[in-house]
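Please read these points with the structure open beside them.

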Amino acid sequence: MVRCAIIGLGKIGRVFTKAISECQGAVVSAGCDINSGSRDLFSKKNPDIPVFENVDELIREAEFDAAFVLTPDSCHAEPYIKCLDAGKHVFVEKPVGNSIEEIMEMLTVTRRNSSLVAASGHILRYYGINRKIKQMADAGEFGDIFYMEGDYIHNLLFQAAPKSFNPAMGYNWYLEDEMPMVGGGCHPLDVLRWFIDKPIISVYSAGNNIAFPEMKRHDCITSLFNFADGCVAKVTALYGPVAPYAYCNNIAVYGTKASVWRDQVCYDHETGWEPLQYEKYDEKHGHGFEREVEDFINAINVGSQVSTPVIDCAQSAIAAIMATKSLEAGKKMAMPEIIIPVQESIRKPVNAVGKTTAMTY
């Protein structure tokens, strides 16, 4: 049985708590949050689970095998690093980190603890439609992929509400710390990277701060990413649209043999679009978080490779950060060189600590 600690007891933390409690082979054994209000609310709903005020106290006094870091974006690095170095497996929400400096430190610690499972919350890799596109790409069905796009179009104006103020931090982190391409755009960007499995070499961005002026950074950003093989990808993040969430994230993949647009596929331009056949999934929790939980727990229990390894997902966060830097600088930006040896990107098998979970996707 994998004993899990929840670090960050806000809304997402409470959802993950429920998802873990329903996952075979896992149990929530502790909670942690610097916000006393969040700790009190969590304790009312989970009176038998001990809660702690900080990560040092959690590591010193709680019994757990794995940590779920579900804190604000700018607060991922410290608990991630401390828990890994304490010998705990770690799941960290996306983005892996909010700055290149802290991501580099997180990668160093990840490589130092390569026997532990380190996963990130890139949920789109678990969606049936994206898994189908990945299978097509790996099988060469697209031919040479030369253009891709994806959007994070999500009305998040509610994040400016007074209730979003975090008394423990002393400010509203959504407005002050979040970078839309990093916090939201990283979702479609990550699956596009995953499809093509090539490094991004440069990015150019444009945007504005018209729809959600309360945000410190531009709430509208469009970025063009150049891949090493010549492929170009466009990713847009909008936080203040008068529109519902973008259907299928407007994912599109264009190749020399086939193309996909949302949930449609085309093998011949004269025949046109036809429905893409893929395995559907009924979500049990918001965004289907249970799929991430099951994969993470399964990787711990049987020593398998997790679908969203931090060592890879960090590249998506870095590219998204560089896209933000491009917008702020008003010029094209090259990606920093981050060399990760192949043998270090694959986690070494570990001894199982329980039985495998029943995978449901």
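1. In this predicted model, there are two cavities of 30 Å³ or more. The second largest cavity holds about 50 Å³ of space.

2. Which residues line the second largest cavity? They are Pro180, Met181, Arg217, His218, Ile221, Thr324, Leu327 and Glu328. Sorted by class, four of the lining residues are nonpolar, two are polar and two are charged.

3. Two helices, α8 (180-183) and α11, each supply at least two residues of this lining. The biggest share comes from α11, which gives three residues.

4. Helix α11 runs over residues 310-329, 20 residues in total. From its first C-alpha to its last it reaches 28 Å, close to the 28 Å expected at 1.5 Å a residue. An α-helix has 3.6 residues a turn, so residues three or four places apart point the same way.

5. Is α11 largely enclosed or largely open? Of its 20 residues, 15 are buried, so α11 is largely enclosed by the rest of the structure. Just after α11 comes Gly330, which takes a positive phi of about 70 degrees.

6. Elsewhere, Asn113 sits in the loop between α5 (100-112) and β6 (118-120). Is Asn113 buried or exposed? Its relative accessible area is 15%, and buried means under 20%, so Asn113 counts as buried. Leaving aside residues up to four places away in sequence, Asn113 touches Leu84 and Asp85.

Technical notes: Residues are numbered from 1 along each chain as its sequence is written. This is a predicted model: local features need pLDDT of at least 70, side-chain atom pairs count only at pLDDT 80 or more; totals for chains, interfaces and linings use all residues. Side-chain values use heavy atoms; hydrogens and water are left out. Helices (H or I, at least four residues) and strands (E, at least two) are DSSP runs, numbered from the N terminus. The expected span of a helix is 1.5 Å times one less than its number of residues. Buried means under 20% relative accessible area, exposed over 50%, partly exposed in between (1.4 Å probe, protein chains only). On a 1 Å grid over the protein atoms alone, a cavity is a set of points where a 1.4 Å probe fits but cannot get out, and a pocket is an open set with protein on both sides within 12 Å along at least five of seven lines; lining residues have an atom within 4 Å of a point. Grid points are joined across faces, edges and corners, and a volume is the space filled by probe spheres set on the points. Ala, Val, Leu, Ile, Met, Phe, Trp, Tyr, Cys and Pro count as nonpolar, Asp, Glu, Lys and Arg as charged, and the others, Gly among them, as polar. Contact means heavy atoms within 4.5 Å.
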